[in-house]
Amino acid sequence: MRNARPGDAEALARLHREARAAAMPWLPILHTPEEDHAFFETVLSGPSQLTICEADSQPAAFIATRPGWIDHLYVAPAHWRRGYGRRLLSFTQAMQGGLQLWTFQDNTAARSFYAAHGFREAELTDGANNEERTPDVRLVWTAPASPLA
C-alpha cells in the first residue's frame, strides 16, 4: 500500500471506470474518460487521503477518505476477491473511530462486503441527491470500544 501521487490520476480514473462498469452495469455513465481523469486530478490535490494497493507496480485498488467518511473504494475487476478491498478498509478502520459512506441500494456485493466489516444501514434514499439519481444507502461503522487495561 502507498499514498497516491499526482501522476496516478489517469490510472485511478481508468480503474474507477472499469470497476463501476463491471460491478454496476445498470448505472448511467455520466462522464467521459477525460472528465473522470480531471476528477481524479482534483481528488489528488484535495482534502481526501487516497491510498492505493498495487499489483505489478500498477494500482489494483484504492480508497479515498476524509475524516469520518469513505468517499471511494474500488478494486480493479482483474483483482476482485484477492483481499485488496479488505486490506484498504481494515487499514482505514484502524485509523478512525467511526466511518460512513454511501453506496447504491442495488450494489448488493458492496452492501454485503461492508456488512461483513461491521457497517450497518443507517439511511435509505430515493437517489434524488446523488448524481446518478439512483437509490442509495448510507452505511455507518463505529469502532468497538477498547477494553480498559
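1. Y84 sits in helix α3; helices (H or I, at least four residues) and strands (E, at least two) are DSSP runs, numbered from the N terminus. This is a predicted model, in which local features need pLDDT of at least 70 and side-chain atom pairs pLDDT 80 or more, while totals for chains, interfaces and linings use all residues. Residues are numbered from 1 along each chain as its sequence is written, and side-chain values use heavy atoms, with hydrogens and water left out.

2. Y84 is buried, at a relative accessible area of 12% (buried means under 20%, with a 1.4 Å probe and protein chains only). Beyond its neighbours within four places in sequence, Y84 is in contact (heavy atoms within 4.5 Å) with C53, E54, A55, A60, A61, V75 and H79.

3. T134 lies in the loop between β6 (120–125) and β7 (136–142) and is buried, with a relative accessible area of 12%. Leaving aside neighbours within four places in sequence, its contacts are W26, L27, P28, F104, D126 and G127.

4. The largest pocket is lined by 47 residues, with R20, M24, L73, Y74 and N107 nearest its centre. A pocket is an open set of points on a 1 Å grid over the protein atoms alone, where a 1.4 Å probe fits, with protein on both sides within 12 Å along at least five of seven lines; lining residues have an atom within 4 Å of a point. β4 gives the most to this lining, with seven residues.

Technical notes:
Buried means under 20% relative accessible area, exposed over 50%, partly exposed in between (1.4 Å probe, protein chains only).
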